[in-house]
Amino acid sequence: LSRRNLISPYSTALLLRKMSQGPHFDVFYDSLPISGEDGTLKGRMKGMTAEGRVRAKTGYVSNVRNLSGYIIDKKDRRYIFSILVNNYTVATSYVNNLQDNICNVIAGYDGKL
């Protein structure tokens, strides 16, 4: 993560998709922090449907907060996501909660609208 990277969420999602199709995906996937359990996601999504269902990487520099990875829904389908929030003027905890809530909606999805 750098202010000079200028990488889009779409590019990040394409990279994650390519990784999921590679021969070493399991090793990569297992290396990602799990929501509510370990790493940079240990304190996030606790008590939510998304707890234990998100494996993702965080990124943070001043007023930039990113979360990208994979979510497993209630029917065990895996989704790729990338949420990049730039130049925000609210507390970082607000942005974290926003990202967590987006993940929670996807994790709770049961295929019905």
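This is a predicted model: local features need pLDDT of at least 70, side-chain atom pairs count only at pLDDT 80 or more; totals for chains, interfaces and linings use all residues.
Mentor: Ground rules come before the questions. Residues are numbered from 1 along each chain as its sequence is written, and side-chain values use heavy atoms, with hydrogens and water left out. Local features need pLDDT of at least 70, side-chain atom pairs count only at pLDDT 80 or more, and totals for chains, interfaces and linings use all residues.

Trainee: What is the mean pLDDT of the chain, and which elements are lowest and highest?

Mentor: pLDDT is the predictor's confidence in each residue, from 0 to 100. The chain mean is 93, and 95% of its residues reach 70 or more. Among the elements, β1 has the lowest mean, 94. Helix α2 (residues 25-31) has the highest, 98. Helices (H or I, at least four residues) and strands (E, at least two) are DSSP runs, numbered from the N terminus.

Trainee: What makes β1 and β2 a pair?

Mentor: Two strands pair if DSSP finds at least two bridges between them. β1 and β2 have eight, in the antiparallel sense, so they meet the definition. Val 54 is bridged to Ile 71 in β2, and Gly 59 to Asn 66.

Trainee: How many bridges join β2 to β3?

Mentor: Nine, and these strands also run antiparallel. Leu 67 stands opposite Ile 83, and Arg 65 opposite Val 85. Their hairpin has five residues between the strands, and Asp 76 takes a positive phi near 60°.

Trainee: Why are β1 and β3 called edge strands?

Mentor: The open sheet has the order β1-β2-β3. β1 and β3 each have a single partner strand, so one side of each is left without a neighbour in the sheet. Neighbouring strands are turned by 5° against each other on average, direction ignored.

Trainee: Which helices lie against the sheet?

Mentor: Helix α1 (residues 9-20) touches β2 and β3, and its direction makes about 150° with that of β3. Helix α3 lies across β1, β2 and β3, at about 15° to β2. Axes are lines fitted to C-alpha atoms, for helices over the stretch in contact, and angles run from 0 to 180 degrees between N-to-C directions.

Trainee: Why is Gln 99 called buried?

Mentor: Buried means under 20% relative accessible area, exposed over 50%, partly exposed in between (1.4 Å probe, protein chains only). Gln 99 has 0% relative accessibility, so it counts as buried. This residue sits in helix α3. As for β2, nine of its nine residues are buried.

Trainee: What makes the approach of Gln 99 to Arg 65 a polar contact?

Mentor: A polar contact is a pair of N or O atoms within 3.5 Å; within protein, one must be able to donate a hydrogen and the other to accept it, and residues adjacent in sequence count only if both atoms are side-chain atoms. Here a polar side-chain atom of Gln 99 lies 3.1 Å from the backbone oxygen of Arg 65.

Trainee: What is the largest nonpolar core?

Mentor: A nonpolar core is a set of buried Ala, Val, Leu, Ile, Met, Phe, Trp, Tyr and Cys residues joined through side-chain atoms within 4.5 Å. The largest has 14 residues; Val 54, Leu 67, Phe 81 and Cys 103 have the most contacts inside it. β1 (54-61), β2 (64-72), β3 (78-86) and α3 (92-107) each give two or more residues. A second, separate core of six residues includes Tyr 29 and Ile 72.

Conventions: Contact means heavy atoms within 4.5 Å.
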